[in-house]
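Morning, everyone. One structure today, and I'll keep it short.

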There are 2 protein chains.
Amino acid sequence: MLIAAERINSSRKRVAQAIEAQDGEFIRNEARIQTEAGADYIDVNAGAFVGNELECLKWVVEMVQAATKLPLSIDSPDPAVIEGVLPLLKRPPMINSITLEPARLNGILPLAAAHGAKVIGLCQSEEIMAESTDDKVRLAGQLVESVTRAGVPLNNLYIDPLVYPLATHPQAAMAAMEAIERIMKEYAGVHTICGLTNISYGLPERRLINRTFLAAAISRGLDAVILDPTDAPLFAALKAGLAVAARDDYSMDYIAAFRAGRLG
Amino acid sequence: MLIAAERINSSRKRVAQAIEAQDGEFIRNEARIQTEAGADYIDVNAGAFVGNELECLKWVVEMVQAATKLPLSIDSPDPAVIEGVLPLLKRPPMINSITLEPARLNGILPLAAAHGAKVIGLCQSEEIMAESTDDKVRLAGQLVESVTRAGVPLNNLYIDPLVYPLATHPQAAMAAMEAIERIMKEYAGVHTICGLTNISYGLPERRLINRTFLAAAISRGLDAVILDPTDAPLFAALKAGLAVAARDDYSMDYIAAFRAGRLG
């Protein structure tokens, strides 16, 4: 299970303040705690700094790479920002994200191919918000085609089926889970990834919904996730979800997490 | 979602002591707290009293019916015990349980048909312990045939796919979940039910595994469960699982549970 750790995001007020104030120690610490908590990629986002996103993101990248050896997930829709950051990276990153919109697709895929980057592809086009399972799977097929045509290997593609809020779309989680199951079967080698915050938007006890959805989605084959690995109940649900989904032989990883005090 | 509440079971030491001492207030209180916590059926078991099960169970039934208006789930493999208890019941019960073993099947089904009882059918025969999805679904088909032939309507049958411990059977939860999904599709009108304790046998933080499995199984169509409704995190996972599974329109029941202070 690949974990892209989401805390260094400028939509969080404290992170935006740290970027604003060039508080490097805050950013480095966020990188360290997520690394220790089991992240595989550290997501970095400076999207709140409109007009100045590239400069801010370069500084964040520098701070994070000073604190961790993990590769980064470059979180921007803007090909120019991604292109500007790529030369700084010490390891091939994940690019978060492309959609089927031509400008974004055509701007980003050549960069991903040239740098050996993993790419998150959202099931979203200019024409439709894919709400049904069928629409999500259809857009996933288009992503597979576009990405492989651009020279990015299928196993570097992480398809995000997109999850709408349950509060307004009661079928949203099931549609995403069924899409994950079908995508993993129809395109052997591709990966699926999800963020967990949309699903619970507008509901109470959001983290309960988030971790319940995560564990259920893992049982459908979800093999990557964007989350905060320092969220203890969420991390515990992830480990339990993998054991339940027969993806943790003899629950050895689950038991190791227990011994490390991370299930309680 | 039908909840059969499991606390009044003589395998619990405190319950066995209460039966032994004819401590009616203890039993009545167990019935009351489970009723208030959202039970649909109160399971009663006196199986620990070998040779004296019927007399003990009759007493338990009397105590429980004095404390709640809910129907009972009569938890015994013994047709004679079930037959002896049935005349005392104020409402049609659930019978927990039959298997495909002829003595149990032929002893219990006529009683169920005559009393309009619901029946839990375990995916277990004399020949096999059904560990694979295919075996579970095959035995489910045999249960459907036997039960309907005996005059019990299909919608009074609750099929338990049986869940083996993950610690020894890493595929156990997935096999059960996939069986639930197939059984609910192939036999429209039938129900599925599970207990939650086997799955986590031998693992640490058992309740985390139990509730993770429950939520994932709900997303496969599980529509009944044997559990302790007073277990707060388990009850919260149940409600979140129903919302995620698109079985709680606009999460209204989830929000009601939040307002009642039952998600925290």
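This is a predicted model: local features need pLDDT of at least 70, side-chain atom pairs count only at pLDDT 80 or more; totals for chains, interfaces and linings use all residues.

Chain A to begin with. Its secondary structure comes to ten helices and eight strands. The C-alpha trace spans about 45 × 40 × 35 Å along the principal axes. Now take the contacts in chain A with a separation of 6 or more: 67% of them come from residues 24 or more positions apart. The chain exposes about 10300 Å², and carbon and sulfur atoms supply 51% of that.

Next, the barrel, seen in chain B. Eight strands close it, in the order β1-β2-β3-β4-β5-β6-β7-β8, and the pairing is parallel. On average, neighbouring strands of this sheet are turned by 25° against each other, direction ignored. A helix packs on the sheet as well: α3 of chain B, residues 53-67. Helix α3(B) touches β2 (41-44) and β3 (72-75) of chain B. The direction of α3(B) makes about 165° with that of β3(B).

Let me pick out β5 of chain B, residues 118-122. How many of its five residues are buried? Five of the five, so the strand is largely enclosed by the rest of the structure. In a regular strand, side chains alternate between the two faces of the sheet. Here K118(B), I120(B) and L122(B) point one way from β5(B). V119(B) and G121(B) point the other way. Four bridges join β5(B) to β4, residues 94-98 of chain B, and these two strands run parallel. N96(B) has I120(B) as its bridge partner in β5(B).

Y158(B) stands opposite H191(B) in β7(B).

Now a helix residue. A176(B) sits in α7 of chain B, residues 172-186. Buried or exposed? Its relative accessibility is 0%, so A176(B) counts as buried. What does A176(B) touch, beyond residues up to four places away in sequence? K136(B), P161(B), L162(B), V163(B) and F213(B). R220(B) is 44 residues from A176(B) along the chain, and their C-alpha atoms are separated by 9.7 Å.

Over to the other chain, and S251(A). This serine lies in the loop between α9 (232-244) and α10 (252-259) of chain A. S251(A) is buried because its relative accessible area is 1%, under the 20% cut-off. Which residues does S251(A) contact, leaving aside neighbours within four places in sequence? A243(A) in its own chain, plus L166(B) and L203(B) from chain B.

That brings us to the pair. How are the two copies related? Chain B can be laid on chain A by a turn of 180° and a shift of 0.0 Å along the axis, with an RMSD of 0.0 Å. The two copies are therefore related as by a two-fold rotation axis. The same surface serves both: 100% of the contact residues of chain B recur in chain A. Of the residues of chain B, A216(B) comes closest to the rotation axis, its C-alpha at 2.3 Å.

Notes:
Residues are numbered from 1 along each chain as its sequence is written. Chains are lettered from A and ligands numbered from 1 in the order in which they are written. Side-chain values use heavy atoms; hydrogens and water are left out. Two strands pair if DSSP finds at least two bridges between them. Axes are lines fitted to C-alpha atoms, for helices over the stretch in contact, and angles run from 0 to 180 degrees between N-to-C directions. Contact means heavy atoms within 4.5 Å. Copies are superposed by least squares on the C-alpha atoms of residues with pLDDT of at least 70 in both. Accessible areas come from the Shrake-Rupley method with a 1.4 Å probe; for residues, only the protein chains shown count as cover. Buried means under 20% relative accessible area, exposed over 50%, partly exposed in between (1.4 Å probe, protein chains only).
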